[in-house]
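Trainee: I am new to this one. Can we go through the labels and ask what stands behind each?
Mentor: Gladly. Have a look first.

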Amino acid sequence: MDLATSACAPAHPVLGVVGRSGSGKTTLLEYVVHEMAARGLRVNLIKHSHHDLALEPPQKDSARLRMAGAAEVLVASPYRFAIVHELRGAPEPTLSQQLARMGPADLTLVEGFKTDPIAKLEVFRPEVGQAPLYLHDVTVVAVASDAPSPHDLRAGVAWLDLNDRASVLNWLLQRLEKPLVK
């Protein structure tokens, strides 16, 4: 599965980053995003949360207007803008719908959305005490781990040294150099 091949079919490469809680996904993502941005690449990120989002203090005008019933509030400043969209009982948007809202990028990284059919990099640490996801998820194309590669690793799955973050970054940069599959 190539980074650009998925049911979501975005106009740019997408890679899911999955793993159990406490495995180091955010730490690895922070490094990868920083290094890619330093190389002049534009990286978008979609982070899925199972928790409610509190993006503004409740007493601020934008929050008050959202709570008054606005369906969507865009807060803009000279430094950034954010759109807060209230679902108000509507279904959570799919990953495809979320990707469609994103601007152009050299790569969009997705943390979460474990069951979506996109290429994934799993961050796996045995000391977390849970089974790896790659054993049952054919969309996992690489595993970054602090454990040695298992002898029965599925063909086509790259095994990367999580403690050598530069090697994980190099793997990702090499994947981006491949021509996009339409």
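Trainee: Why is the pair Glu72 and Arg101 called a salt bridge?
Mentor: The model is predicted, and in it the closest N and O atoms of Glu72 and Arg101 are 3.0 Å apart. The cut-off is a side-chain nitrogen of Lys or Arg within 4 Å of a carboxyl oxygen of Asp or Glu. The pair meets it, so the label applies.

Trainee: What parts does this pair tie together?
Mentor: Glu72 lies in strand E3, and Arg101 lies in helix H3 (residues 95-101). The two parts are 29 residues apart in sequence, so the pair ties them together across that stretch.

Trainee: What makes Glu127 and Arg125 a salt bridge?
Mentor: Their side chains meet at 3.8 Å, N to O. The limit is 4 Å, so the pair counts.

Trainee: How many salt bridges does a search of the whole structure find?
Mentor: Nine. One of them joins Arg39 and Glu35 at 3.0 Å, N to O. Arg39 has 46% relative accessibility, so it counts as partly exposed.

Trainee: Back to E3. How do you know that E3 and E4 pair?
Mentor: Two strands pair if there are at least two bridges between them. E3 and strand E4 (residues 81-85) have five, in the antiparallel sense. So they pair. Val75 has Ala82 in E4 as its bridge partner. The two strands form a hairpin, with four residues between them.

Trainee: What makes the nonpolar surface patch?
Mentor: Leu74, Phe81 and Ile83 make it, and it covers about 310 Å². Leu74 lies in strand E3 (residues 72-76).

Trainee: What is the order of the strands in the open sheet?
Mentor: E2-E5-E1-E6-E7-E8, six strands with parallel pairing.

Trainee: What makes E2 and E8 the edge strands?
Mentor: Strand E2 (43-47) and strand E8 (158-161) each pair on one side only. Neighbouring strands of this sheet are turned by 25° against each other on average, direction ignored.

Trainee: How do you know that E1 and E6 pair?
Mentor: Count the bridges. Strand E1 (residues 14-19) and strand E6 (residues 120-124) have four, in the parallel sense. At least two are needed, so they pair. Gly19 stands opposite Val123 in E6.

Trainee: Which helices lie on the sheet?
Mentor: Helix H1 (residues 25-38) lies across E1, E2, strand E5 (107-111), E6 and strand E7 (140-145). H1 runs at about 170° to E5. Helix H4 (residues 165-177) packs on the sheet too, touching E1, E5, E6, E7 and E8. The direction of H4 makes about 145° with that of E8.

Trainee: Why is Leu160 called buried?
Mentor: Its relative accessible area is 10%; buried means under 20%, so the label holds. Leu160 is in strand E8.

Trainee: What does Leu160 touch, leaving out residues up to four places away in sequence?
Mentor: Leu121, Ala142, Val143, Ala144, Ser145, Val168 and Trp171. Leu121 is 39 residues from Leu160 along the chain, and their C-alpha atoms are separated by 9.7 Å.

Trainee: How many helices and strands does the chain have?
Mentor: Four helices and eight strands. Along the sequence the pattern is β-α-β-α-β-β-α-β-β-β-β-α.

Trainee: What share of the chain counts as buried?
Mentor: Of its 182 residues, 39%. The accessible surface comes to about 10800 Å², and 55% of that belongs to carbon and sulfur atoms.

Methods: Residues are numbered from 1 along each chain as its sequence is written. This is a predicted model: local features need pLDDT of at least 70, side-chain atom pairs count only at pLDDT 80 or more; totals for chains, interfaces and linings use all residues. Side-chain values use heavy atoms; hydrogens and water are left out. Patches are made of residues with over 30% relative accessible area and no salt bridge: like charges are joined within 9 Å, nonpolar side chains (Val, Leu, Ile, Met, Phe, Trp, Tyr) within 5 Å. Accessible areas come from the Shrake-Rupley method with a 1.4 Å probe; for residues, only the protein chains shown count as cover. Axes are lines fitted to C-alpha atoms, for helices over the stretch in contact, and angles run from 0 to 180 degrees between N-to-C directions. Contact means heavy atoms within 4.5 Å. Buried means under 20% relative accessible area, exposed over 50%, partly exposed in between (1.4 Å probe, protein chains only).
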